[in-house]
Amino acid sequence: MTEHPGFGAMLAWLLDHRELGGQELADRAGLNEDEVRAVLAGDSPGEELLRRLAPALGFHAVDLFILARLVVPDDMAPLDAAAAMWVKSTVTDAVRLPAAGRRELLQLIRSLPQEERRSSFAPKPLMPLADSPGASVIRMLQYRNLNWTGMAMTLAFVTPTYLSAATYGVIGSGRKELTPRLVTDFAALLGIDARDLAALTGVILCEVPPSPPPEAVDAAALLWEGRRLSAAQARHVSEIARSMRGDSRDAHLMELPRI
């Protein structure tokens, strides 16, 4: 099992990949260079530092918290864990729509009123407790309201990766190594540049990966925006996505990949 290299080492790999210095990153984030250098040297980053680094690096802050193995604040978590079952079906229906239909769904999600958070988000534990790059990537997907089955479904629809639901738990436990193919496909669904994710996880890409297809780009956006939905809102969006496809529920289920 590949050990987690630590946030400082991962940040150093990313900066090296981007040919970006610590001073330049500090300037972009509005931080003191000494703060950045301390993290690069192995100090644990604080919450405020991560929140400032995220936009400077072009990342969602929740992903940096996960990479740093820190508790994700409630304000960065999906609103309602019960929305997961509807979010994945929305995405798998949406990727089979024309681009205009996917944009319509995205606009709908963004237009819905923000409801009050009623409970803390508690993703399924990764067992055995893992400390590996694979665990970080799986946790990022969990914070996009995807469980093992949701990962299997969405990856199968938008990327060449076709794995059983249980395999994602194995990756999360660190018992299955991340491959260049997995990194590239996970990056597409996370909305992260594959070369950046490879740098962060220490995986060497043998060739420059192609840009993700428009369906994958839109799927990543739908997953991210869907984090703000309650279960009732997510179900409403899912029903609209299905009606836009013009298929019955039974026909939809028959098309799902066997996992």
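The buried residues of helix H12 (residues 194-201) pack against helix H1 (7-18), H5, helix H8 (133-142) and H11, where contact means heavy atoms within 4.5 Å and buried means under 20% relative accessible area, exposed over 50% and partly exposed in between (1.4 Å probe, protein chains only). Helices (H or I, at least four residues) and strands (E, at least two) are DSSP runs numbered from the N terminus. This is a predicted model, in which local features need pLDDT of at least 70 and side-chain atom pairs count only at pLDDT 80 or more, while totals for chains, interfaces and linings use all residues. Residues are numbered from 1 along each chain as its sequence is written, and side-chain values use heavy atoms, with hydrogens and water left out.

**Helix H12**

- Helix H12 is mostly covered, with seven of its eight residues buried, and these are Ala194, Asp196, Leu197, Ala198, Ala199, Leu200 and Thr201.
- At the start of H12, a side-chain oxygen of Asp193 comes to within 2.8 Å of the backbone nitrogen of Arg195.
- Just after H12, Gly202 has a positive phi of about 75°.

**Helix H11 and its partner H13**

- Nine of the 11 residues of H11 are buried, so this helix is largely enclosed by the rest of the structure; the buried residues are Leu182, Val183, Thr184, Asp185, Phe186, Ala187, Ala188, Leu189 and Leu190.
- These buried residues of H11 pack against H8, helix H9 (148-158), helix H10 (165-173), H12 and H13.
- The axes of H11 and helix H13 (residues 214-226) come within 6 Å and cross at roughly 55°, the axes being lines fitted to C-alpha atoms, for helices over the stretch in contact, with angles that run from 0 to 180 degrees between N-to-C directions.
- H11 and H13 are therefore oblique to each other, given that angles under 35 degrees count as roughly parallel, over 145 as roughly antiparallel, 65 to 115 as roughly perpendicular and the rest as oblique.
- On the H11 side, Ala188, Leu189 and Leu190 meet Ala216, Ala219, Ala220 and Leu223 of H13.
- H11 is followed by Gly191, which has a positive phi near 70°.

**The largest nonpolar core**

- The largest nonpolar core holds 81 residues, of which Phe7, Leu53 and Phe186 touch the most other members; such a core is a set of buried Ala, Val, Leu, Ile, Met, Phe, Trp, Tyr and Cys residues joined through side-chain atoms within 4.5 Å.
- Helix H11 (residues 180-190) supplies the largest share of this core, seven residues.
- Leaving aside residues up to four places away in sequence, Phe7 touches Val39, Pro45, Leu50, Leu53, Leu64, Leu67 and Ala68.

- Asp63 lies in helix H5 (residues 61-67), and at 1% relative accessibility Asp63 counts as buried.
- Not counting residues up to four places away in sequence, Asp63 touches Met140, Arg144 and Ile192.

- Most residues other than glycine have a negative phi.
- Arg69, although not a glycine, has a positive phi of about 60°; Arg69 is in the loop between H5 and helix H6 (84-94) and is partly exposed, with a relative accessible area of 48%.
- Asn145 also is a residue other than glycine with a positive phi, near 65°; Asn145 is found in the loop between H8 and H9 and is buried, with a relative accessible area of 2%.

How values were computed: A polar contact is a pair of N or O atoms within 3.5 Å; within protein, one must be able to donate a hydrogen and the other to accept it, and residues adjacent in sequence count only if both atoms are side-chain atoms.
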